[in-house]
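Thanks, everyone. I'll keep this short. Have a look at the structure first.

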Amino acid sequence: MYVVSIDADKCEGCGECIDACPAGILGMVDGKAEVTGAETDCMGCETCVVTCPNEACTLQEL
Ligand code: SF4
Ligand code: SF4
């Protein structure tokens with residue numbers, strides 16, 4: 001499975017990863033992107049990683 005992490009210090013809340021995630025598991029919490037859906041639904045597509053202008057999203061395969 002894949003685990004996506006979002007570095008809150010790098011996230012500026014632009015929302016682009018949230019709009020781009022095909023699994024719809026990312027959401028905005030207090031102005032920062034977080035995994036708000038089922039983490040196990042992440043397909044490891046890396047869309048959030050390449051979309052984020054601040055390199056805040058990282059992906060790990062377990
Ligand atoms: S890797 Fe793809 S499915 Fe997983 S959180 Fe990022 S955009 Fe969504
Ligand atoms: S694309 Fe990056 S900066 Fe924008 S909300 Fe997502 S994690 Fe934050």
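Let's start with the shell around ligand 1: ten of its residues are nonpolar, two are polar and one is charged. Keep in mind that this is a predicted model. The shell holds 13 residues. Closest to ligand 1 are Cys21, Cys42, Cys45, Glu46 and Cys48. And where does ligand 1 sit? The space taken by ligand 1 is the largest cavity.

Next, the core. The largest nonpolar core has twelve residues. Six of the names are cysteines you can read off directly: Cys11, Cys17, Cys21, Cys42, Cys48 and Cys52 are among its members. Cys57 belongs to the core too.

Set aside neighbours within four places in sequence, and Cys42 is in contact with Tyr2, Ile25 and Leu59.

Last stop, Asp19. This residue lies in helix H1, which covers residues 16-20. Is Asp19 buried or exposed? Its relative accessible area is 68%. The cut-off for exposed is over 50%, so Asp19 counts as exposed. From Asp19 to Ala8 is eleven residues in sequence, and 18 Å in space from C-alpha to C-alpha.

Definitions and conventions:
Residues are numbered from 1 along each chain as its sequence is written. Chains are lettered from A and ligands numbered from 1 in the order in which they are written. This is a predicted model: local features need pLDDT of at least 70, side-chain atom pairs count only at pLDDT 80 or more; totals for chains, interfaces and linings use all residues. Side-chain values use heavy atoms; hydrogens and water are left out. A nonpolar core is a set of buried Ala, Val, Leu, Ile, Met, Phe, Trp, Tyr and Cys residues joined through side-chain atoms within 4.5 Å. Buried means under 20% relative accessible area, exposed over 50%, partly exposed in between (1.4 Å probe, protein chains only). Contact means heavy atoms within 4.5 Å. Helices (H or I, at least four residues) and strands (E, at least two) are DSSP runs, numbered from the N terminus. A residue is near a molecule or strand if one of its heavy atoms lies within 4 Å of it. On a 1 Å grid over the protein atoms alone, a cavity is a set of points where a 1.4 Å probe fits but cannot get out, and a pocket is an open set with protein on both sides within 12 Å along at least five of seven lines; lining residues have an atom within 4 Å of a point. A molecule sits in a cavity or pocket if more than half of its atoms lie within 2 Å of its grid points. Ala, Val, Leu, Ile, Met, Phe, Trp, Tyr, Cys and Pro count as nonpolar, Asp, Glu, Lys and Arg as charged, and the others, Gly among them, as polar.
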